[in-house]
Amino acid sequence: MSRISATERLALIRVKNRPTVNDYIPLIFDGFIEMHGDRHYGDDAAILGGIATFYSMPVTILAQVKGRDVEENKRTNFAMPHPEGYRKALRLAKQAEKFNRPVICLVDTPGAFCGIEAEERGQGEAIARNLMEFMTLKTPVISIVLGEGGSGGALALAVCDELAMLENALYSVISPRGFASILWKDPSREKEAAELMKITSEDLLNFGVCEKIISEPAGGAHNDCQLTADNISEYLFDAIKRLCRTDAETLLKNRYQKFRKIGMFTE
Amino acid sequence: MGLEDLLKKVKDRFDDEAEVAPALRSAAYNKAESEKGVKIPEDLFFKCPRCLTTSYKEDFEKNRKVCANCNYHARLTWRERLNLTADRNSFSEFDANMESQNPIDYPEYADKLQKLRKACDMRDAVITGECTIRGYKAVIGIMDSNFMMASMGSVVGEKITRAFEYATKNKMPVILFTASGGARMQEGIISLMQMAKTSGAIAKFSDAGQLYITVLTDPTTGGVTASFASLGDVIIAEPKVLIGFAGRRVIQDTIKQKLPDEFQSAEFLLENGFVDLICERRRMRSYLARIMRMHNYEKIEEGRVNK
Ligand SMILES: [Zn+2]
């Protein structure tokens with residue numbers, strides 16, 4: 001695996017034709033059926049949800065949708081979900097729990113949407129609820145960061161048994177631009193922030209946040225979408241087999257410990 | 001506002017309140033009057049960030065740091081909050097020596113923490129422990145916005161998680177006074193993970209059937225709103241405080257228009273269904289005690305905590 005810098009990866013995941021969930025789903029799963037709505041307010045196209053089969057096993061898919069063009073981005077709000085998106089995800093995760101289906105979350109978002117309506121409908125509450133509920137969801141949960149894993153908006157689909165990242169994907173507490181803007185009052189220092197923040201898949205593997213790096217073809221996922229999809233498939237096959245063999249009690253204990261142990265302090 | 005204007009405004013206000021003025025006329029006022037034209041130390045006055053009214057700091061502090069004009073409940077230090085909440089001498093602190101490391105080697109982070117530790121009389125942005133409140137035993141956590149805007153890093157996450165684990169084991173209620181600017185960016189992804197860690201501890205605590213009360217204080221935002229602050233069985237807010245997920249400026253920049261004043265206020269959240277009640281500071285202890293009583297916790301002698 002070649003070592004390329006965080007800044008180069010930042011450019012790579014912004015490549016116009018970087019594959020999105022809509023490219024991957026048909027290559028990895030069969031017979032996807034989309035399910036809409038949170039049953040409270042509406043349907044948020046920023047998060048796609050539904051069921052499909054994976055090697056003839058039913059699974060639930062929850063995925064943040066980056067648009068491939070302006071039209072699609074308008075519809076999916078550049079993959080920045082509103083509260084109803086997170087509530088739809090939780091509803092479908094509970095449905096998966098009831099029917100013993102593994103949940104596969106495909107994470108690709110700059111972050112949760114920041115706007116008046118998002119606040120009115122409780123963006124903070126919606127994310128918090130997902131963090132709490134996913135922690136005790138009695139079915140395997142696997143999250144894969146495909147491109148951008150931005151902040152709490154990504155974490156709301158990443159409380160899981162295993163987190164995998166595509167080789168060039170980034171996962172961070174805030175975007176490098178936001179980091180530079182808030183801490184240095186200078187968004188133009190984005191690249192410097194990206195290098196400092198430790199947000200690459202290798203960094204997160206070292207921190208114990210990420211369990212698996214899924215390799216991308218030379219030059220990035222867009223150079224061979226089929227190969228990338230095959231790599232994701234291969235990982236998922238292993239992970240599902242492993243997690244489905246684990247009894248629910250052990251699964252939840254391990255999931256809790258995965259997050260419980262993260263923190264760097266002295267006493 | 002110039003010094004002359006300030007003094008005039010203060011004088012006018014006292015003239016308006018002539019009937020009650022003698023009691024209100026503080027030493028500070030008299031001193032200011034007698035030294036007209038001399039520079040007054042700014043810390044004699046409190047200027048309310050909500051209604052922009054200026055009042056004597058002494059009066060403001062007597063009023064538990066609540067703006068007498070608009071009822072904005074201003075920020076407290078952890079010690080002030082503890083004194084207003086816990087029964088005298090009942091508090092015993094948990095994890096008093098815990099300190100953050102520097103996971104992303106952020107420049108000068110250690111120095112900054114060191115300075116704040118001295119200035120704020122705490123090792124990081126939250127103090128946790130157990131105490132009694134009007135005789136009811138509780139695990140309590142108090143965030144202090146003076147410490148790096150009470151952002152959540154490893155220490156805040158770990159201390160809150162342990163507080164819930166302790167309360168689960170000892171069958172006690174948890175009361176958290178939240179205040180935060182969000183995740184502590186200087187700790188990178190580790191800070192984000194604290195949101196999941198604390199929420200997980202609350203899930204277990206909740207499954208064990210114990211009561212969690214959150215008191216949202218000024219300001220509660222970002223990653224703390226999007227984790228433990230929003231997960232109380234009972235969510236209380238102080239009047240006029242700021243509560244939200246995204247920062248006002250971020251939203252303003254996104255939508256390119258000015259936001260109404262009441263946006264993201266406690267009252268705004270109440271109206272939208274995200275807090276159970278708004279409670280004034282002077283009634284907070286009595287409310288907390290009543291709520292604990294109604295959840296079948298037993299009153300013990302005030303000031304006694306068995307460790
Ligand atoms: Zn005021």
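## Model and conventions

The model is predicted: local features need pLDDT of at least 70, side-chain atom pairs count only at pLDDT 80 or more, and totals for chains, interfaces and linings use all residues. Residues are numbered from 1 along each chain as its sequence is written, while chains are lettered from A and ligands numbered from 1 in the order in which they are written.

## Chain A overall

Chain A holds 12 helices and 9 strands. Helices (H or I, at least four residues) and strands (E, at least two) are DSSP runs, numbered from the N terminus. The C-alpha atoms fill a box of roughly 50 × 50 × 45 Å along the principal axes.

Of the 267 residues in chain A, 54% are buried. A buried residue has 20 or more other C-beta atoms within 10 Å of its own; an exposed one has 12 or fewer, a partly exposed one falls in between, and C-beta atoms are placed from the backbone. Two residues are in contact if their C-beta atoms, placed from the backbone, lie within 7 Å.

## Strand E4 of chain A

In E4(A), 7 of 7 residues are buried. Both faces are covered. A:Val103, A:Cys105, A:Val107 and A:Thr109 lie on one side, with A:Ile104, A:Leu106 and A:Asp108 on the other.

E4(A) pairs in the parallel sense with E3(A) over 4 bridges. Two strands pair if DSSP finds at least two bridges between them. A:Cys105 is the bridge partner of A:Leu62. E4(A) also runs parallel to strand E5(A), residues 141–150, joined by 6 bridges. There, A:Leu106 stands opposite A:Ile144.

H4(A) spans residues 83–98. Its 16 residues reach 23 Å from first C-alpha to last, close to the 22 Å expected at 1.5 Å a residue. The expected span is 1.5 Å times one less than the number of residues. Buried residues of H4(A) include A:Tyr86, A:Leu90 and A:Ala93. Their cover includes strands E2 (47–54), E3 (57–64) and E4 (103–109) and helices H5 (116–120) and H6 (123–135) of chain A. A:Asn100 follows H4(A), with a positive phi near 55°.

H12(A), residues 248–260, has 13 residues and reaches 18 Å, close to the 18 Å expected. Its buried residues are A:Arg255, A:Lys258, A:Phe259 and A:Arg260. They pack against H6 of chain A together with H7 and H8 of chain B.

## The contact between the chains

The contact takes 45 residues from chain B and 42 residues from chain A. On the chain B side, strand E4 (99–100) and helices H7 (154–170), H8 (189–207), H9 (222–225) and H10 (248–255) each supply at least two residues. The largest share, 13 residues, comes from H8(B). By class, the chain B side has 22 nonpolar, 19 polar and 4 charged residues. Ala, Val, Leu, Ile, Met, Phe, Trp, Tyr, Cys and Pro count as nonpolar, Asp, Glu, Lys and Arg as charged, and the others, Gly among them, as polar.

E9(A), residues 265–266, and E4(B) pair in the antiparallel sense over 2 bridges. A:Thr266 stands opposite B:Glu99. A:Leu131 is found in helix H6 of chain A. A:Leu131 is buried, with 28 other C-beta atoms within 10 Å. Beyond its neighbours within four places in sequence, A:Leu131 is in contact with residues including A:Leu155, A:Val159, B:Met195 and B:Ser199.

## The sheet of chain B

In chain B, 7 strands form an open sheet of mixed pairing, ordered E3-E5-E6-E7-E8-E9-E10. E3 (92–93) and E10 (277–278) stand at the edges with a single partner strand each, so one side of each has no neighbour in the sheet. E9(B), residues 234–237, runs parallel to E10(B), joined by 2 bridges. B:Leu277 is the bridge partner of B:Ile236.

Helix H5(B), residues 78–85, lies across strands E5 (126–133), E6 (136–143) and E7 (174–180) of chain B, at about 160° to E6(B). Axes are lines fitted to C-alpha atoms, for helices over the stretch in contact, and angles run from 0 to 180 degrees between N-to-C directions.
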